[in-house]
Amino acid sequence: MTQNITGAQALMESLLHEGVDTIFGYPGGAIIPVFDAMYDYADKLHYILTRHEQGATHAAQGYARVSGKVGVCIVTSGPGATNTITGIGDALMDSTPMVVITGQVGKSLLGTDAFQEIDLVGITQPITKWSYQIRDEKEIPWAVARAFYIAKSGRPGPVVLDFAKNAQVAKFDYEPATCNFIRSYLPNHPLDKEAVAKAANLINQAKKPLALVGHGVTIGQAEEELKAFLDKADIPAAWTLLGESAMPTSYRLNKGMLGMHGNIGPNIKTNECDLLIAIGMRFDDRITGDLNAYAKQAKVIHFDIDVAEIDKNVKTDVAVLGDVKNTLPAVTAQLENNTHTEWIDSFKQYEDLEMEKVIRHELNPPTGSPITMGEVVRKVSDATQRKAILVTDVGQNQMEAVRYFQFDEKRSVVTSGGAGTMGFGIPAAIGAKIAKPERTVCLFCGDGGFQMTMQELGTIIQEKMDVKIILMNNNYLGMVRQWQELFFQERYSSTPMVNPSFTAIAQAYGIPTRLVNQREELDDAIADMISSTNSYLLVVNVQEKSLVYPMTPAGGAVTTILLNENNK
């Protein structure tokens, strides 16, 4: 039905047409007409007022990652727009669907250096799938439909719509638009039956296959297809940082995490397998280490939706292009029922070694020793019966959290992978909780990352949210300090931190809080946090100079693994 409405109203109608129900952001002068229109849509669109535009983008990311929908932000021009850059870049690196709508000066003022004018399209083109400036109100239905189609199709990612003020206020005859095809844009690929047959043949012949499970499995909602594939051919599998909850922790073929702080077995076996099967992952440098020493003995099959990833880092023998939701079953149908008992059992020696050299000390440290991050993470995981959504900030807290938190349910991990954005945690946890209010959301962060976006505690109290925040405080920028200790002769430049009273900050926001200094207090404090019906800040003072092990030094071979301080 045609309506004669303003551009701002047309934006609201277009968002509803795309199924949007939640928006994150911050108002300002160049976007006021949109916020004025939003006032009349409060019963249909839930607007979350964050305390910073970067927080809005990370919240939208958390929402998108947990819900599977497109995250949406609306902010103003100038500094409001540029404050979204970090989140936009993070979303591109982690293939997160997001539409960021920014205010802009009117068309007649473009190019005059008007107040809060900035060339956002020029800035964001390298870090978006599409960046477009709406100068005419008649473009709104088309631009919004196109933006959502691009953001969510193929390999997902961020899109920016820069919305000139004149187009926000002018009236026109609005009709909703739908976009499901763009001639120059091919988000998916037809199934290549020859590639499918070649992949199945290699898998059927393999004696030592190893699957590498990435974020693409979660994006494609292919968790069940993955399990059917692995079960039929009896293939052990390991996961990337963002691929973690694609498999339950207890799944018999789940052999742990890959990469720099991954488990010993998967990293060693990468260089022993005869067939490497990459599924929705991009062979990031934190996974491969030295490419000249990476899996040279193995044939490589690469399942991916993005042709740009094929042969980018690792030479592929067979590329199976397309959505893994479709390509995995196609290959599975041609697999023989197989067993690789001896190969799978060979991981155990490395699991036992890691238990002896790393895990036992991390989860059960000696009496009287400082609290470790690992034991905090595992105790919270156990207290939530492996049902919680894990959100992390970035650093040592992140690596310990993904190593020791356990999962039964899919879409249970929200973390910043490719960009490694400190400050990601609090706003991402807000988005995750908005997306799944019925699930417990546990955020682990360090003292550094917490202070980067702690103003978002204001968002938490305004929305009356229940987010469990576990701040593991070691009074250092822990991961940088770890590198300084191991590789820079313990020259701790700008990593010691003099911190405020975190419990006092929580109290100022009206958030229940507790400080734990002694191990004997930990179980009771965690129980108190989990039983609370409100958000909660649990501050745990942990070992100050701890090191996250195992560790493969940057640029080293995946088999060059430091196990503890004795071989650093």
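First, my terms for accessibility: buried means under 20% relative accessible area, exposed means over 50%, and partly exposed is in between, with a 1.4 Å probe and protein chains only. I am working on a predicted model, where local features need pLDDT of at least 70, side-chain atom pairs count only at pLDDT 80 or more, and totals for chains, interfaces and linings use all residues. Residues are numbered from 1 along each chain as its sequence is written, and side-chain values use heavy atoms, with hydrogens and water left out.

**Entry 1: salt bridges**

I counted a salt bridge wherever a side-chain nitrogen of Lys or Arg sits within 4 Å of a carboxyl oxygen of Asp or Glu. Side chains of opposite charge can pair when their charged atoms come close. The structure has 24 salt bridges.

I looked at aspartate 94 and arginine 65, a salt bridge whose closest N and O atoms are 3.9 Å apart. This pair links distant parts of the chain, 29 residues apart: aspartate 94 is in the loop between α5 (85–93) and β5 (98–104), and arginine 65 is in helix α3 (residues 53–67). For element names I used DSSP runs numbered from the N terminus, with helices (H or I) of at least four residues and strands (E) of at least two. Is aspartate 94 buried or exposed? Aspartate 94 counts as buried because its relative accessibility is 1%. Arginine 65 is buried too, at 8%.

Next I checked arginine 252, which forms a salt bridge with aspartate 234, with 3.0 Å between the closest N and O atoms. Here arginine 252 is in the loop between β10 (237–239) and β11 (254–257), while aspartate 234 is in the loop between α11 (223–233) and β10, 18 residues apart. Arginine 252 is partly exposed at 49% relative accessible area, whereas aspartate 234 is buried at 6%.

Then I went to arginine 519 and glutamate 375, a salt bridge with its closest N and O atoms 2.7 Å apart. Arginine 519 lies in the loop between β19 (513–516) and α24 (522–531), and glutamate 375 in helix α17 (residues 373–383), so the pair ties together parts that are 144 residues apart in sequence. Glutamate 375 is buried, with a relative accessible area of 3%.

I also noted a network of salt bridges that links Arg155, Asp306, Glu309 and Lys312.

**Entry 2: cores**

In soluble globular proteins, nonpolar side chains tend to be buried together. My nonpolar core is a set of buried Ala, Val, Leu, Ile, Met, Phe, Trp, Tyr and Cys residues joined through side-chain atoms within 4.5 Å.

How many residues has the largest nonpolar core? It has 75, and Phe229 and Phe444 have the most contacts inside it. Helix α9 (residues 193–205) gives this core its largest share, 6 residues. Another core, of 42 residues, lies apart from it, including Ala81, Leu120, Val160 and Leu457.

I listed contacts (heavy atoms within 4.5 Å) for phenylalanine 444, leaving aside neighbours within four places in sequence: among them are Val376, Leu390, Asp393, Phe405, Ile470 and Met472.

**Entry 3: threonine 270**

Threonine 270 lies in helix α12 (residues 264–270) and is buried, with a relative accessible area of 1%. Not counting residues up to four places away in sequence, threonine 270 touches Leu210, Leu258, Leu276, Tyr294, Ala295, Gln297 and Val558.

**Entry 4: the cavity**

I searched on a 1 Å grid over the protein atoms alone: a cavity is a set of points where a 1.4 Å probe fits but cannot get out, a pocket is an open set with protein on both sides within 12 Å along at least five of seven lines, and lining residues have an atom within 4 Å of a point. Points are joined across faces, edges and corners, and a volume is the space filled by probe spheres set on them.

The whole structure gave 1 cavity of 30 Å³ or more. The largest cavity has a volume of about 60 Å³. Its lining is Arg65, His215, Thr218, Leu242, Ser245, Arg411, Ser412 and Val413.
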